[in-house]
Amino acid sequence: MNPTQNYIELFRDNRTLVEHGSAGVMNSMRDAALKGLELYGLPHKGLEEYLHTDVSAWFEPDWGMNLARLEMPVDLAQAFKCSVPNLSTQLYFLANDIFASSDTAAKNQLPEGVIAGSLKEAAAQHPELVSQFYGKLADMEKPGIAAVNTLFAQDGFLLYVPDGVVLEKPLQLITLLSSKVDLMVNRRILVILGRASQAKLLLCDHALVANRYLTTQVAEVFAGEGSTFQLYDLEETHYANRRISELYVNQDADSNVEIDYVTLHNGQTRNTVLSTLSGRGARLSLNGIATIDKEQHVDNMTFVDHRQSDCISNELFKYVLDDSASGAFAGKVLVRHGAQHTESRQTNRNICLTRQARMFTQPQLEIYADDVKCSHGATVGQLDEKAMFYMRQRGIPESEARMMLMQAFVGEVIGRVSLEPLRDRLNRLVEKRFRGELTQCEGCRACR
Amino acid sequence: MNTVEQDNSLIREISAEKYRYGFTTDVHTEIIDRGLTEDTVRLISERKGEPEWMLDFRLKAYRHWLTMEMPRWAHLDIPDIDYQSISYYADPTVKKEGPRNLDEIDPQVMKTFDKLGIPLEERLALSGGVAVDAVMDSVSVKTTFKKTLAEKGIIFCSMGEAVRNHPDLVRRYLGSVVNYRDNFFAALNSAVFSDGSFVYIPKGVRCPMELSTYFRINAAGTGQFERTLIVADDDSYVSYLEGCTAPMRDENQLHAAIVEIVVMDRAEVKYSTVQNWYPGDENGKGGVYNFVTKRGLVKGVDAKLSWTQVETGSAITWKYPSCVLQGDGSQGEFYSVALTNNWQQADTGTKMIHLGRNTRSTVISKGISAGHSQNSYRGLIKVGEHADGARNYSQCDSLLLGSDCGAHTFPYMDVKNETAIVEHEATTSKISEDQLFYCNQRGIPMEQAIGLIVNGYAKEVLNKLPMEFAVEAQRLLSVSLENTVG
């Protein structure tokens, strides 16, 4: 039986259990998800979108799934101390795919009307709000993970910011992967921003125990008119981790969204970002860094859909590949008929440090409007020899010079991160990463 | 003549001017029955008097073709093609009566090529001269300057002749670059191909004149499936030109060709194309479907292959001239201008496969879309594990004229060697208002101004063309853009 069939059977056999551990709104989408999965199946290597990441193999093992919602016996606040200096955040935790209600979360002070917390609980308490948005962007009528995630997701995180409310303090959602068996985790994130509201969300992925994990993450972001949203997705996991994520963003007029993907440590990662600029004057800044080595693999795919005029999108992805690491980047920009005065820039630059490192890049432009300024650029190369020579001439040791050049290379992306304390921390983390000091995430006590 | 008729004739004149090669020639042409079966393949082989091995080659390809499906990955909307409704062989050189005489060409055919501006009389050629192999439908009607070339040991003849006179060379190289299994159209071509040109430049010879093949589709209900093979031996040089036109017809005609090039040590081949197949009328009716596989194996050390193409014709273009850079220090170049207007669709680009050490490639592609057309660049830069020091630079620019057309870029980069440097840049924009305003201000009308700016934009590529072609290409770009101002 192929993996798709396995998951369909698993769901049919355990439907009551899945639905029992979740909320009505989430359950109401499961029939559509089942249909989508039956029709389109799981992603596999035969598809153009998954040409460079063999995700079909990821779904083959017999993963455990916590459908019965057994509690994870970890004291979260004790296990985790995030060491971002000067960054004070409102902390939330997801233990695998269960929202962990902790004291820290309860102490968080939020302006009136803001909802932040368990998606399951929010769906039970505010069904009219959640049902308006849940599953409305995630496309289940294509081979991807939206269908399988919607089918099994029981909980996750919800952020709702009403019209005109500004959240000064960034929210931080820390996902801790911890399990005694190899585990598949299906989590869901929903962000709803009202008109002219503002929020920042930092997602951190950590693995506590060195078991194998497969994470599917589907996030939906609705950026209302004139809203401002920053999303930082930081992955610091280990070699046995498989992560496949889809982020859907819908931007209304004059909204301003920044998305930064940082992969410092991982096993195999596939991130897909599908952003729709559906209102005039929307702006998107989409950035990514991957610093990987050994057998690690990172595949980022982005799709920016310019539907209305006067929108601006700006993309920058940089990879540093060491050892036998492999990277892939595919970015597509679609400018629809009538989306005049579009400005779109896309850049992907990569450094391969060894012979075994491998990079595949595929930028794409599809343009159906004439009054536009669009460009893309991609390079694959090594560190600049002249710059190396210059530094060595001035007495800087080779290893140090290399470090500085690599740091400067990814520094361009870090510079685009608008949250200053995070920028500092990223600079430090990247430096540590390049020095080989960061073999495990430093924030988790369990790792030490 | 009443006014309506007058109007009509005027319209006809004007539309004929837009595509000035749209005439047909009334010449007795022997066309085999429509349809494609194993018997058709045998019949073509028999007509051409081919040896057994050639027939085997065709049959193998035909049987493989049966197992294949038409590719759908390109950014093209290709209507279903009924391969059984096409005639695969049309011979305009066969006399109605009497034995066939190769030296005697039907005056009608001569006139056709004169009208196309391709002189088949050697004395009429420009000084310095261009040797021409003129192919009408499935048959090469004449190859000029064969004697002059033969003195230097250069072989320049039709493929049919090469199979008869130089079987060893043909057998050695035919299908060595583009295997019949390569793709759907390559398999089809390998099964039914008719004349194209065969060129062999011996060691150390610099070809004294430009070689050129002119392809003309004339007969209705046929397709053209020519095959060209160029072999440049060590330290040789050749510049080869290809031109093509077809009559204006309401039906779509199929053109599926293969061009194979082998470049040995330190040799250099320059291959230039001005593709001007009938693009269909302003409503998208008719036009040639151009599905071509062009590939060069740059086999030798320090060898060089350069593709230059100006694509203005065809209703649908599916074409990726490629270089396999096998020899150490070998070089590949691709310069392209693709212009689409009305309802034309083009998906064109290149593949640069770096296998040898210190191989270099340059890709410059300029796309121009107007009307309701769709114009895509699709390219692959692949650097193999052993290609130390490989270097690539690609630049793809698209220019949009009008708000109903589309310009797309699909570059692929696959790098397996850390010493490689691969760069790609692409921009898409519309024609600059400032430049147009400047021209208008100085009394240059809009249409001419656009022509001027487009020619300037394409200059980088046009400069790579041999002189005779460059002039023609510039004129073509301006004509193809007529009536884009709205």
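Val199(B) touches Ile155(B), Phe156(B), Leu211(B), Ile230(B), Val231(B), Val238(B) and Tyr240(B), leaving aside residues up to four places away in sequence; two residues are in contact if their C-beta atoms, placed from the backbone, lie within 7 Å. The model is predicted: local features need pLDDT of at least 70, side-chain atom pairs count only at pLDDT 80 or more, and totals for chains, interfaces and linings use all residues. Residues are numbered from 1 along each chain as its sequence is written, while chains are lettered from A in the order in which they are written.

**Chain A**
- Chain A has 12 helices and 20 strands, which are DSSP runs (helices H or I, at least four residues; strands E, at least two) numbered from the N terminus.
- Of the 448 residues in chain A, 56% are buried, that is, 20 or more other C-beta atoms lie within 10 Å of their own C-beta atom, placed from the backbone.
- The C-alpha atoms of chain A fill a box of roughly 70 × 55 × 50 Å along the principal axes.

**Contact between chains**
- Chain A gives 30 residues to the contact and chain B gives 29 residues.
- On the side of chain A that touches chain B, S19(A) gives the most, with 10 residues.

Notes. A residue is buried if 20 or more other C-beta atoms lie within 10 Å of its own, exposed if 12 or fewer, and partly exposed in between; C-beta atoms are placed from the backbone.
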